[in-house]
Amino acid sequence: MTRRGHEVRWLAGAPIAAELKASVKTDVAAFRRRHGYAPTLAVVLVGRDAPSAVYLRQILRTCRSLGISGRLVEMPGRASAARLRNAIVALNEDPLVAGVIVQMPLPRRIPLTTVTDVLDPAKDIDGIHPLNAGRLVVGYEGFLPTTAQAAVEILRRSGIQIAGSRAVVVGRSNIVGKPAALLLLRENATVTVCHRQTRDLAGTLRAADIVVVAAGRPGLITGSMLKRGAVVVDVGINVVGDKIVGDVDAASAAEVCSALTPVPGGVGPVTNALLMTHLLRAATAQARREAGREGGAPRRAASRREGGARAAAAGEAVRAADETAGTMAASRP
Ligand SMILES: NC(=O)c1ccc[n+]([C@@H]2O[C@H](COP(=O)([O-])OP(=O)(O)OC[C@H]3O[C@@H](n4cnc5c(N)ncnc54)[C@H](OP(=O)(O)O)[C@@H]3O)[C@@H](O)[C@H]2O)c1
């Protein structure tokens with residue numbers, strides 16, 4: 001309850017994430033029974049920055065809790081683009097690895113195209129490859145960027161009316177803002193996308209029934225910029241002092257809007273859970289491809305012997321994630 005007796009509904013991510021993960025856990029167990037090995041997620045980390053390490057630990061914990069195997073490929077911050085490219089090519093070719101994510105941000109000198117030019121779209125479970133981005137645009141099935149998907153999934157699973165609503169997305173990055181706008185459009189909202197050149201951000205926001213904010217600017221959106229009764233999804237994750245805060249000033253927004261996602265505890269947990277659903281989908285499709293290929297089983301066996309050697313040839317430190325993060329045991333078929 002807020003000062004004026006207005007009660008905001010907090011759209012927590014945990015219950016939605018729990019539901020998604022329970023279903024993945026059951027399906028991973030069935031996958032392991034059927035195929036005799038665990039689906040594997042590879043996480044590539046170039047250098048170490050604090051927010052990445054936190055995110056990574058969360059992903060690895062989630063993997064372990066669901067029976068998914070994790071492989072951490074770590075390289076120093078000074079690693080070259082060629083070295084990163086080689087590591088991704090090795091993971092593309094590894095039949096044990098179903099999904100690959102590369103932890104962002106990359107060091108400034110390494111362009112994102114180093115990853116998007118080579119990553120196998122079938123293993124691109126966070127939807128960064130242009131092929132998956134294009135599939136989203138034209139409405140074909142592909143891997144969606146999980147954060148954008150999480151923002152919309154929270155709305156859908158919370159029973160928020162999206163069709164016919166006026167939605168404003170603040171931010172136009174390829175991994176959050178643009179795909180969130182496309183997903184809202186797919187759900188039949190009328191969508192406006194704002195960015196730093198938008199002339200009247202507050203005026204635009206005041207017309208919105210649904211607001212999704214992914215700007216990376218703490219407290220950018222305040223209650224005075226919102227329409228009474230608006231529903232707000234705060235995607236922002238900003239470290240301010242020793243706290244994690246969103247892009248929305250939650251105290252003033254809660255006075256005005258009807259529903260709001262908390263930070264932390266809103267979009268983040270759903271993002272992780274969705275990533276696991278994507279991994280399982282990729283693993284299932286990969287197992288199907290392997291089964292259709294002559295000598296699928298020997299390929300897996302060979303990979304068990306050669307996986308480490310191939311990565312070592314690419315010059316990378318490849319470990320079961322539990323050696324590094326204390327969170328997850330790598331399983332081998
Ligand atoms: N919850 C999760 O799981 C999750 C996952 C990924 C990211 N995030 C968080 O989401 C936020 C956005 O991430 P991102 O990768 O999309 O960031 P990004 O690539 O930096 O993009 C930020 C976008 O916000 C716009 N913007 C910045 N300041 C603005 C302002 N004052 N007014 C209007 N628009 C403004 C930028 O406009 P221009 O295009 O004009 O520069 C840009 O389009 C970050 O806080 C990030 O940490 C959360």
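User: Leaving aside neighbours within four places in sequence, with which residues is Pro-269 in contact?

Analyst: This is a predicted model, in which local features need pLDDT of at least 70 and side-chain atom pairs count only at pLDDT 80 or more, while totals for chains, interfaces and linings use all residues. Residues are numbered from 1 along each chain as its sequence is written, and side-chain values use heavy atoms, with hydrogens and water left out. Pro-269 is found in helix α10. Contact means heavy atoms within 4.5 Å, and beyond its sequence neighbours within four places Pro-269 has such contacts with Gly-13 and Ala-17.

User: Is Pro-269 buried, partly exposed or exposed?

Analyst: Buried means under 20% relative accessible area, exposed over 50%, and partly exposed in between, with a 1.4 Å probe and protein chains only. The relative accessibility of Pro-269 is 27%, so this residue counts as partly exposed.

User: How many Å apart in space are Pro-269 and Ala-18, C-alpha to C-alpha?

Analyst: In sequence, Pro-269 and Ala-18 are 251 residues apart. From C-alpha to C-alpha, their separation in space is 8.8 Å.

User: How many helices and strands does the protein have?

Analyst: Helices (H or I, at least four residues) and strands (E, at least two) are DSSP runs, numbered from the N terminus. By that rule, the secondary structure comes to twelve helices and twelve strands.

User: What share of the residues in the protein is buried?

Analyst: The protein has 333 residues. It exposes about 15,200 Å², of which carbon and sulfur atoms supply 52%; accessible areas come from the Shrake-Rupley method with a 1.4 Å probe, and for residues only the protein chains shown count as cover. The buried share of the residues is 49%.

User: Are α1 and α10 roughly parallel or roughly antiparallel?

Analyst: Axes are lines fitted to C-alpha atoms, for helices over the stretch in contact, and angles run from 0 to 180 degrees between N-to-C directions. The axes of helix α1 (residues 14-35) and α10 come within 9 Å and cross at roughly 20 degrees. Angles under 35 degrees count as roughly parallel, over 145 as roughly antiparallel, 65 to 115 as roughly perpendicular and the rest as oblique. The relation of α1 to α10 is therefore roughly parallel.

User: By class, which residues make up the contact of α1 with α10?

Analyst: Among the residues making this contact are Ile-16, Leu-20 and Phe-31 of α1, together with Pro-269, Leu-274 and Leu-280 of α10. Ala, Val, Leu, Ile, Met, Phe, Trp, Tyr, Cys and Pro count as nonpolar, Asp, Glu, Lys and Arg as charged, and the others, Gly among them, as polar. The contact has 14 nonpolar, three polar and two charged residues.

User: Is the crossing of α6 and α10 left-handed or right-handed?

Analyst: The axes of α6 and α10 come within 8 Å and cross at roughly 115 degrees, so these two helices are roughly perpendicular to each other. A crossing is left-handed if the near helix is turned anticlockwise from the far one by less than a right angle, and right-handed if clockwise. The crossing of α6 and α10 is right-handed.

User: Which residues of α7 contact α5?

Analyst: Helix α5 (residues 130-138) and helix α7 (residues 177-186) pack at an angle of about 30 degrees, with axes 9 Å apart, which means that they are roughly parallel. On the α5 side the contact is made by Arg-135, Leu-136 and Val-137. On the α7 side it is made by Pro-179, Leu-182, Leu-183 and Arg-186.

User: Is Ser-158 buried or exposed?

Analyst: Ser-158 lies in the loop between α6 (146-157) and β5 (166-170). Apart from neighbours within four places in sequence, Ser-158 contacts Arg-9, Leu-11 and Ile-16. Its relative accessibility is 12%, so Ser-158 counts as buried.

User: What is the phi of Asn-188?

Analyst: Asn-188 is found in the loop between α7 and β6 (190-194). At 53% relative accessibility, this residue counts as exposed. Although Asn-188 is not a glycine, its phi is positive, at about 75 degrees.

User: What is the omega of the cis peptide bond from Val-263 to Pro-264?

Analyst: Pro-264 lies in the loop between β11 (259-260) and α10 (267-292). A cis peptide bond also joins Met-104 and Pro-105, with omega about 0 degrees. For the bond from Val-263 to Pro-264, omega is near -5 degrees.
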